Amino acid sequence: MTSALSAQLDALGQRARQAARLGARASTATKNQALRAAASILRRDQKNLLHANAQDVTHARAHGQDAAFIDRLTLTTKSIEAMAVGLEQIADLPDPVGAINGLTRRPSGIEVGQMRVPLGVIAIIYESRPNVTADAAGLCLKAGNACLLRGGSEAHHSNQAIARALHEGLESAQLPTDLIQVLPMTDRAAVDILVTLTQWVDVVVPRGGKGLIERISARARVPVLKHLHGVCHTYIDSGADIPMALRVADNAKTQRYGTCNTMETLLVHQDIAPSILPPLAALYLAKGVELRGDEAACSLIPQAVPATEEDWSTEYLAPILSIRVVPDLDAALDHIAQYGSQHTDAILTNHWEHAQRFLREVDSSSVMVNASTRFADGFEYGLGAEIGISTDKLHARGPVGLEGLTSQKYIVLGHGETRTG
């Protein structure tokens, strides 16, 4: 069984590698044509997509999946339209492939620069949301890559139906359908094999829960673009503007609870804590947020419960917030260094030197001054769309958009020069 599965995946990888060469040389106009055609086909085939999705939803309900899972899995006319619009938005984005920067003439006479090029073959492994199939495929295509998509088995019929629309879009632009392959097998073992195919796959992007990402990271021999979790902090400095701090700290926690850029720990300077924590706690409590604090925070917020050591490193993804009162900026930086996940951290301050220290010293993929951590998002950063967020330090860091799905190579333009030294 494993041998047959390995052979099947090896064949898919080889086809992807061959298609990637054609994707790398495709013009911007050709890629955009495929994206816009696929968007039109998604709209045209709405009934077929809803029928396929209904099969997945019925199966999920029969196997006892909860309401939140069913909600993530379900396609509607609105979500299908959103997929189509998403592909059109990707078509409207600037194409990074082929861009040359830093071209400089050297004393020898040669000109040296760097050109943006596709990564090659990208394997994307994700869970129950079928819309990821269209989003991920569209981004990979625009950046000139081939992709191998492995969605959750619970969305198998939906993902295959979306893939058919994407393939028809590719064919209309005379591009190979192997540029976008949704794995036909649902075996969990397929993922374990896929992430070891170093001869065909250039990078793996897992999108899902911490368990999925940890498993892939542990098994992969291919480089992984990932973030494990988002323990995001907001530090309210002494002398911060209180109305601004109330507004931003409230938004960072309560605008959405289940996202990786939601604040999970609030740090407050001891000098401002008596002024800001009571009104801020009132905002949180009115919205049903459970507050867990250190001794100083609990003394200022009677409704707070004592925080445990585990709380400081927990990504709640829920209406729960940890609060610690710190003596100074150094203590805030130390806390973030010890418990943070290198995702997103913010300082609220009117002190320019403190802001600059925070920007320099916090080792996270996004670091903010006087802004909500909820802005850590590809769309908000002007990337148009993102494949995910990376907290790694090599290649791409932070929200990964089209440019993050490319690399750079040196190019040399000569005029017959020869090296003499």
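Mentor: Start with a term: buried means under 20% relative accessible area, exposed over 50%, and partly exposed in between, with a 1.4 Å probe and protein chains only. Helices (H or I, at least four residues) and strands (E, at least two) are DSSP runs, numbered from the N terminus.

Trainee: Fine. What kind of model is it, and how are residues numbered?

Mentor: This is a predicted model, in which local features need pLDDT of at least 70 and side-chain atom pairs count only at pLDDT 80 or more, while totals for chains, interfaces and linings use all residues. Residues are numbered from 1 along each chain as its sequence is written, and side-chain values use heavy atoms, with hydrogens and water left out.

Trainee: Take strand β7, then. Which way do its residues point?

Mentor: C232, T234 and I236 point one way from β7, H233 and Y235 point the other way, and all are buried. In a regular strand the side chains alternate between the two faces of the sheet.

Trainee: Why is β7 said to be largely enclosed?

Mentor: Because 5 of the 5 residues of β7 (residues 232-236) are buried, it is largely enclosed by the rest of the structure.

Trainee: Which strand does β7 pair with?

Mentor: Strand β8 (residues 263-269), in the parallel sense, over 5 bridges. Two strands pair if DSSP finds at least two bridges between them. The bridge partner of C232 in β8 is M263.

Trainee: New topic. How many residues are in the largest nonpolar core?

Mentor: It has 77 residues, and L9, I124, L148, L149, V201 and V204 have the most contacts inside it. Helix α6 (residues 131-142) gives the most to this core, with 7 residues. A nonpolar core is a set of buried Ala, Val, Leu, Ile, Met, Phe, Trp, Tyr and Cys residues joined through side-chain atoms within 4.5 Å.

Trainee: And what does V201 touch?

Mentor: Leaving out residues up to four places away in sequence, V201 touches R17, V121, A123, L148, L194 and V222. Contact means heavy atoms within 4.5 Å. There is also a second, separate core of 28 residues, which includes A273, I276, A297 and V325.

Trainee: R17 has a charge. What does its side chain meet in a salt bridge?

Mentor: The side chain of D202, at 2.8 Å, N to O. R17 lies in helix α1 and D202 in the loop between α8 (188-194) and β6 (203-207), so the pair ties together parts that are 185 residues apart in sequence. A salt bridge is a side-chain nitrogen of Lys or Arg within 4 Å of a carboxyl oxygen of Asp or Glu.

Trainee: Is R17 buried or partly exposed?

Mentor: R17 counts as partly exposed, at 23% relative accessibility, and D202 also counts as partly exposed, at 28%.

Trainee: How many salt bridges does the structure hold?

Mentor: It holds 21. One of them joins D178 and R15, whose closest N and O atoms are 3.0 Å apart. D178 lies in the loop between α7 (156-172) and β5 (180-182) and R15 in helix α1 (residues 2-25), so this pair ties together parts that are 163 residues apart in sequence.

Trainee: What about R36?

Mentor: R36 forms a salt bridge with D92, with the closest N and O atoms 2.6 Å apart. R36 is in helix α2 (residues 28-44) and D92 in helix α5 (residues 77-92), 56 residues apart. R36 counts as partly exposed at 36% relative accessibility, while D92 counts as exposed at 57%.
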